[in-house]
Amino acid sequence: MPRSRREKSASVSSAAAPAINGTMPPPSPPSSSTRSSPVATRRKAPSVSKAAAIANLPPPKSAHGPEKPSVLGFVVAAVVSLVAEGLAHEAASIYNTGELARISKRDATWYEIGGLLTWKITLLATCWFGGLDAVDVASLNALLETPKFILLHYFYLISSFELVTKSTISILAKALPFYIMRPLSAPHAASDTTKATAKLRNRTIINDPITTIATSAMATLAYAVTLQLAFSFFLPSFLITHFSPLPSLEWAYNVATTFPTLLMWLAPAGIASTQFLFRPSEGAASSSNAATGPNSIALTHSHFDPATASFVQHIYHNVWGWYTSRQKELIGRTIVLGAFLLTETVVQLCGEVQGVELLGAAGYASTWLVGAITLGVVLEWVGRPSD
């Protein structure tokens with residue numbers, strides 16, 4: 001039934017009264033039809049794009065595993081590694097020809113055996129508490145096995161089968177507990193789409209196969225050229241003086257003709273260098289994004305203000321703080337690789353091979369140290385445009 005004219009005017013005047021008094025009327029509640037309509041609800045829901053979803057992902061965790069490695073975890077990892085390596089060597093001795101026994105020390109003292117064991121535990125401890133993952137450990141140990149492999153194969157005439165077996169067992173035994181107990185870091189898991197690595201720095205560069213192949217080939221060539229130069233100038237006479245008895249020096253004087261074979265044996269070292277040096281440094285978080293974590297070899301730094309910084313902070317910034325995160329990661333890993341190459345080669349040769357003098361082992365190891373430093377400098381130049 002229609003309302004009268006008086007009722008209409010009353011309703012209009014009552015609705016206009018709040019506006020005249022300077023206030024706005026409260027919003028009318030939504031109708032029940034709008035609230036209950038699923039179509040309206042779907043229309044009001046904001047659309048989330050794929051780019052926004054990736055941007056909202058949390059940053060990757062520390063680029064090198066758990067932030068606080070436990071002492072108990074290290075004890076378990078060391079026991080698993082040493083037991084696995086011992087059992088594997090015992091099983092492989094059935095098929096090996098025993099050529100390594102011909103040059104091994106027969107009168108090794110308990111101090112030398114204890115030194116070898118202590119060094120293995122020290123190496124595992126550095127990798128564990130340094131936050132390295134299984135790929136890092138396998139790559140590092142592949143690089144550490146290469147100097148011994150080249151020396152024993154070319155100068156002591158040990159068969160490649162026996163050396164490959166020994167090196168593979170050593171690499172896998174050290175990496176096994178890390179593979180079981182620790183997830184892969186973001187740079188090494190960058191190709192896994194199930195992990196939260198969407199914010200990883202330079203992910204496209206890290207996952208590019210052409211870049212990986214080119215970097216591995218460049219690393220292989222750096223080691224090969226360093227060795228060839230060393231053998232062309234001083235290393236043959238140095239070896240014959242401090243390695244006694246040395247069965248052969250023929251390869252040292254024919255490096256130019258055997259260079260393709262040398263590249264083949266150094267190819268695993270080139271691949272390992274890409275995994276240990278190039279990928280983690282390219283994926284290192286920028287200074288504004290603290291995704292690198294406290295266990296990274298690179299040290300992150302806060303913003304440097306020269307007006308308020310102390311004298312110590314000025315020295316730190318001028319010596320180390322002005323490097324980018326990529327440079328810090330690369331420098332740190334190159335130092336670790338060089339120190340381990342020098343120590344591992346000296347300890348293993350002096351402790352296991354008869355007739356090797358300390359000076360001779362140090363001189364031979366220094367050649368590989370120069371190769372590692374040279375490779376670090378080249379990778380710094382290659383990766384500079386990505387900063």
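Which residues in α13 meet which residues in α16? I looked this up and found L266, S273, L277, F278 and E282 in α13 against W368, L375, L379 and G383 in α16. I took contact to mean heavy atoms within 4.5 Å.

**Ground rules.** I am working with a predicted model, in which local features need pLDDT of at least 70, side-chain atom pairs count only at pLDDT 80 or more, and totals for chains, interfaces and linings use all residues. Residues are numbered from 1 along each chain as its sequence is written, and side-chain values use heavy atoms, with hydrogens and water left out.

**Confidence.** I noted a mean pLDDT of 79 for the chain, with 74% of its residues at 70 or more; pLDDT is the predictor's confidence in each residue, from 0 to 100. Residues 1–24 have pLDDT below 50, and I found 3 contacts for this stretch beyond near neighbours in sequence. Residues 50–55 are also below 50, with 4 such contacts in the model.

**α13 and α16.** The classes are nonpolar (Ala, Val, Leu, Ile, Met, Phe, Trp, Tyr, Cys and Pro), charged (Asp, Glu, Lys and Arg) and polar (the others, Gly among them). The axes of α13 (residues 259–282) and α16 come within 11 Å and cross at roughly 45°. Axes are lines fitted to C-alpha atoms, for helices over the stretch in contact, with angles from 0 to 180 degrees between N-to-C directions. Helices are DSSP runs (H or I, at least four residues), as are strands (E, at least two), numbered from the N terminus. α13 and α16 are therefore oblique to each other. Angles under 35 degrees count as roughly parallel, over 145 as roughly antiparallel, 65 to 115 as roughly perpendicular and the rest as oblique. I recorded the crossing of α13 and α16 as right-handed; that means the near helix is turned clockwise from the far one by less than a right angle, and left-handed means anticlockwise.

**α12 and α16.** Next I checked α12 (residues 235–242) against α16 (residues 358–383), whose axes come within 9 Å and cross at roughly 155°. This makes α12 roughly antiparallel to α16. The crossing is left-handed. In α12, L235, F238, L239 and H242 meet L359, G360, G363, Y364 and T367 in α16. That contact has 5 nonpolar, 4 polar and no charged residues.

**α5 and α7.** The axes of α5 (residues 71–92) and α7 (residues 110–129) come within 10 Å and cross at roughly 130°. α5 is thus oblique to α7, and I noted a right-handed crossing.

**UniProt spans.** I looked up the unreviewed UniProt entry, which places "transmembrane region" at several spans, including residues 330–349 and 361–382; such annotations may be inferred rather than shown by experiment. Residues 330–349 are 100% helix and 0% strand, with end C-alpha atoms 28 Å apart. Residues 361–382 are 100% helix and 0% strand, with end C-alpha atoms 32 Å apart.
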